[in-house]
Amino acid sequence: MNQYPAITGEVFDTRNSVLQRINPPCLDCPAGILIKRDDLIHPIVSGNKWRKLEYNIRNARQNGVSQLVTFGGAYSNHMVATACAGAALGIKTTAFVRGDELHAADNHYLYTASLFDMELIPVDREAYRNKTGLFESRFGDKKNVLCVPEGGANQSGAEGVKRIISELNSAPDFIVHASATATTAIGLAQGLEAAGPEFRKTKIIAVAVLKNASEQETKIREAGVSHRVIVDAAFDFGGYAKTNSELMDFCRDFIRQTGILIDPVYTAKALYAIKNRYAKQSESLMFLHTGGTLGIFSDRFRKD
Ligand SMILES: *Cc1c(COP(=O)(O)O)cnc(C)c1O
């Protein structure tokens, strides 16, 4: 189905992403749901961040690239994933980090990235907006450096996500996941388009975790897959990384009832949407666990 084989038998093995049926009381789904465990691909390079890096790194290796340069906020799953993948595969990594006063000791994301020897370049919010300018100013004249967009949001990223569909033995009616840049949604939809006739009816429900649903819809339309994707804007909880006590309680209940870590920034919002809007469809619904489990360890959620 795909022109490239998986990177298997190496550090990051997508065969670890098993499909399970779970039925925790907190979900209120009569038959439980299927969950695709992309969080098990690797403890740090988990979920869709490995999917989105896979082909970026494959291209880098084929082209003799010795350094990856990327961008992220101080709590970026993509940043730590890139740092760890680089350390594992012998590629130097650098990240421009949003926030000019930041240090590696400031939080567990920056600390983890620095453990993997990522070079962190803090930049103020203004400078961070011009990513091309930042890259050009430091790396424009360097050879063998690959610039990976924030969040791994490019077509190589979607290409890696596409493969998730080829790992499924049967077609659910709905695949639900947490969505921010829509790269995962587009990759899944492209995977469905390339799959067999049994996937003809399958739809993606992309639960927007921030207030950018219309931007996500535009990207999905531009990718030509809007007939496959529903962007659900009702569960952003006020914006990126915003939560309330109901979401935090739900998050903790889910973790103690399943033994599966989720986080309040991404996966908890999508699961909460399943509980509150898609429970009736739960019999033929698959939740894609997109990883990001470091999120639950953030100070502010510990105190909430
Ligand atoms: C980055 C991330 C997402 C969003 O993925 P997009 O491809 O940007 O939509 C969802 N879940 C987790 C855990 C993430 O880290």
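**View 1. A salt bridge joins R256 and D253.** R256 and D253 sit 3 residues apart in helix α9 (residues 245-258), so about one helical turn separates them. Please keep in mind that this is a predicted model. The side chains of R256 and D253 meet with an N to O distance of 3.0 Å. R256 is exposed, with a relative accessible area of 63%, while D253 is partly exposed at 27%.

**View 2. E167 and K36 form a salt bridge.** Their side chains meet at 2.7 Å, N to O. K36 counts as buried at 3% relative accessibility, whereas E167 is partly exposed at 25%. Across the whole structure, a search finds 17 salt bridges.

**View 3. R228 pairs with E193 in a salt bridge.** Here the N to O distance is 2.6 Å. R228 lies in the loop between α8 (213-222) and β9 (229-232), and E193 belongs to helix α7 (residues 183-194); the two are 35 residues apart, and the pair links distant parts of the chain. R228 counts as buried, with 7% relative accessibility, and E193 as partly exposed, with 40%.

**View 4. K269 is buried and has no salt bridge.** You can find K269 in helix α10 (residues 267-278). The nearest side chain of opposite charge belongs to D236 and is 6.3 Å away. Backbone oxygens do come within reach of the K269 side chain: a polar atom of that side chain lies 3.0 Å from the backbone oxygen of D236 and another such distance, to the backbone oxygen of V209, is 3.4 Å. Beyond its neighbours within four places in sequence, K269 is in contact with several residues, including V207, F235, F237 and L247.

**View 5. The ligand is surrounded by 15 residues.** The closest are K49, A180, T181, T184 and T290. Polar side-chain atoms lie 2.8 Å from a ligand oxygen in the case of K49, 2.8 Å in the case of N77 and 2.9 Å in the case of N48. The protein buries 98% of the 380 Å² that the ligand exposes when taken alone.

Definitions and conventions. Residues numbered from 1 in each chain as written. Predicted model: local features only at pLDDT ≥ 70, side-chain atom pairs only at ≥ 80, totals over all residues. Heavy atoms only, no water. Helix = DSSP H or I, 4+ residues; strand = E, 2+ residues; numbered from the N terminus. Buried < 20%, exposed > 50% of the residue type's maximum accessible area, 1.4 Å probe, protein only. Lys, Arg positive; Asp, Glu negative; His and termini not counted. Salt bridge = Lys/Arg side-chain N within 4 Å of Asp/Glu carboxyl O. Polar contact = N/O pair within 3.5 Å; in protein donor to acceptor, adjacent residues only side chain to side chain. Contact = heavy atoms within 4.5 Å. Near = heavy atom within 4 Å. Areas by Shrake-Rupley, 256 points an atom, 1.4 Å probe, with all protein chains shown as cover.
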